[in-house]
Amino acid sequence: MDFYGRRSIRKYKNIPIEKEKLDELLKVALVSPTGHNARACEFIVFDNEKDVKSLIGIKNSGAGFLETAQACIGVICDGEKAMTWVEDASIAAYAIQLKAHELGLGSCWCHLKERQSVDGKPSEEVFRKLTNTPEKYQVLCLIALGYPDEEKPNYTEENIDFEKVSYGKYGRR
Ligand SMILES: Cc1cc2nc3c(=O)[nH]c(=O)nc-3n(C[C@H](O)[C@H](O)[C@H](O)COP(=O)(O)O)c2cc1C
């Protein structure tokens, strides 16, 4: 797994993503670790132009990449079943991003929790309404996907700051 080459990609080629690849992303999300093994995360796939375009405007900033996204996966979690729903859903979302990178796809996290739509409504509510998602589901984010149409450098040793690592006591290097 190449952790250093994964970057947030916000411009995608107009090439559809193969269903097999989307299934690979969903498979890793579905086996992600969850607190108390609650396994309460679920995923809503937007895999055609009409559905992806319906998401435009769900967030009032930092979501311009939805314009060229070829697919999106909405990450939701049953908050009644999982005390650790934020953590569980975040791990699943990152697993999708890592697997996407491995498969040659670019991805970007579009945060929806506690964000607002272009109409000033809570992004979670807009998402629930658009997708008929029941109220008990918490909505964390969308992972936007597509073949990259921008290049970004890999992370290197220069980006790694071991000053943030302590041994045994805070500040002990
Ligand atoms: C919790 C979380 C929320 C994020 N929300 C957004 C977002 O709404 N829009 C966006 O463009 N990027 C979003 N990102 C991506 C970050 O901006 C990105 O990961 C960061 O700038 C580092 O860049 P890299 O992913 O290329 O390493 C989010 C990332 C995380 C982990």
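Guide: E114 is placed in the loop between β3 (106-111) and α4. In this predicted model, the phi angle of E114 is near 60°, a positive value in a residue that is not glycine. E114 counts as exposed, because its relative accessibility is 59% and the exposed class begins over 50%. Another loop, between α1 (19-30) and β1, holds N37. The phi angle of N37 is also positive, near 55°, and N37 is likewise a residue other than glycine.

F46 belongs to strand β1 (residues 41-46) and F127 to helix α4 (residues 123-131), so that the pair joins distant parts of the chain, 81 residues apart. A pair of aromatic rings is described by the distance of the centres and the angle of the planes. Here the ring centres of F46 and F127 are 6.0 Å apart and the planes stand at 70°, so the pair is edge-to-face; the edge-to-face class begins over 60 degrees. F46 and F127 are both buried, and the count of aromatic pairs comes to one.

The cysteines may be considered next. A disulfide is a covalent bond between the sulfur atoms of two cysteines. The structure holds zero disulfides. For C77, the nearest cysteine sulfur is that of C41, 3.5 Å away, and C77 is in no disulfide; the cut-off for such a pair is 2.5 Å. The sulfur of C141 has its closest cysteine sulfur in C110, at 8.2 Å, which is too far for a bond. C77 counts as buried because its relative accessibility is 0%, and C141 counts as buried at 1%.

A polar atom in the side chain of S8 lies 2.5 Å from an oxygen atom of the ligand. The side chain of K59 has an N or O atom 2.8 Å from a ligand oxygen atom. Taken alone, the ligand exposes 620 Å², and the protein buries 61% of that.

Key: Residues numbered from 1 in each chain as written. Predicted model: local features only at pLDDT ≥ 70, side-chain atom pairs only at ≥ 80, totals over all residues. Heavy atoms only, no water. Phe/Tyr/Trp six-rings, centres within 6.5 Å; stacked < 30°, edge-to-face > 60°. Helix = DSSP H or I, 4+ residues; strand = E, 2+ residues; numbered from the N terminus. Buried < 20%, exposed > 50% of the residue type's maximum accessible area, 1.4 Å probe, protein only. Polar contact = N/O pair within 3.5 Å; in protein donor to acceptor, adjacent residues only side chain to side chain. Areas by Shrake-Rupley, 256 points an atom, 1.4 Å probe, with all protein chains shown as cover.
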